[in-house]
Amino acid sequence: MAYAKTSYLEHTAIRVKDIHWHIRFFREALGMTVRNIQGSEEEPTQAWTVGGVQLVSDKGFDGPEGRMVHLGIMTEDLEAALEEVYKWGVTELPQGHNWFALPDGLQIELMQAR
């Protein structure tokens, strides 16, 4: 039986080398409100904007563009959704049972919608 509830993308996490630049860009260039910062203002490790962008600081990142970390998906019934996704052969990740990787490596964080 397929999952009968609704789910939606809540955020996309992007790995960035210079998190301060990215916070300023989204705030000042695009007018996006930063709703949460993990770590101190001087040394943030992560930042979330209203609108679904999560910035993850990785000072050693050397790619030409940001690298996606994971998709954060909200769902109406977390337990039922997890029961269904694990039937699809996904791999549980160390972060917990609600974190899993698809066969091609895409990582998903599944969360209970409030």
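Asp-58 forms a salt bridge with Arg-15, the closest N and O atoms being 3.8 Å apart, where a salt bridge is taken as a side-chain nitrogen of Lys or Arg within 4 Å of a carboxyl oxygen of Asp or Glu. This pair links distant parts of the chain, with Asp-58 in the loop between E4 and E5 and Arg-15 in strand E1, 43 residues apart; helices (H or I, at least four residues) and strands (E, at least two) are DSSP runs, numbered from the N terminus. Asp-58 is partly exposed at a relative accessible area of 24%, and Arg-15 is partly exposed at 22%, on a scale in which buried means under 20% relative accessible area, exposed over 50% and partly exposed in between (1.4 Å probe, protein chains only). The model is a predicted one, in which local features need pLDDT of at least 70 and side-chain atom pairs count only at pLDDT 80 or more, while totals for chains, interfaces and linings use all residues. Residues are numbered from 1 along each chain as its sequence is written, and side-chain values use heavy atoms, with hydrogens and water left out.

The structure holds 4 salt bridges, including one between Glu-10 and Arg-35, whose closest N and O atoms are 3.3 Å apart. Because Glu-10 lies in strand E1 and Arg-35 in strand E2, this pair ties together parts that are 25 residues apart in sequence. Both residues count as partly exposed, Glu-10 at 21% relative accessibility and Arg-35 at 45%. Another salt bridge joins Glu-43 to Lys-59, with the closest N and O atoms 2.3 Å apart, and it links the loop between E2 and E3, which holds Glu-43, to the loop between E4 and E5, which holds Lys-59, 16 residues away. Glu-43 is partly exposed, with a relative accessible area of 42%, whereas Lys-59, at 53%, is exposed.

The secondary structure of the protein comes to 2 helices and 8 strands, and from the N terminus on the elements run β-α-β-β-β-β-α-β-β-β. The 8 strands form an open sheet of mixed pairing in the order E2-E3-E4-E1-E5-E8-E7-E6, two strands being paired if DSSP finds at least two bridges between them. E2 and strand E6 (91-93) stand at the edges with a single partner strand each, so one side of each is left without a neighbour in the sheet. The twist averages 30° from one strand to the next, with axes fitted as lines to C-alpha atoms, for helices over the stretch in contact, and angles running from 0 to 180 degrees between N-to-C directions.

Within this sheet, E1 (residues 7-16) runs antiparallel to E5 (residues 67-75), to which 8 bridges join it, and Tyr-8 stands opposite Met-74 in E5. E1 also pairs with E4 (residues 53-57), here in the parallel sense over 5 bridges, with Val-16 opposite Ser-57. E2 and E3 form a hairpin with 4 residues between them and pair in the antiparallel sense over 5 bridges.

Of the 114 residues of the protein, 37% count as buried. At the surface, Trp-21, Phe-25 and Leu-30 form a nonpolar patch with about 300 Å² of accessible area together; patches are made of residues with over 30% relative accessible area and no salt bridge, like charges being joined within 9 Å and nonpolar side chains (Val, Leu, Ile, Met, Phe, Trp, Tyr) within 5 Å. Accessible areas come from the Shrake-Rupley method with a 1.4 Å probe, and for residues only the protein chains shown count as cover. Leu-30 lies in the loop between helix H1 (19-29) and strand E2 (34-39).
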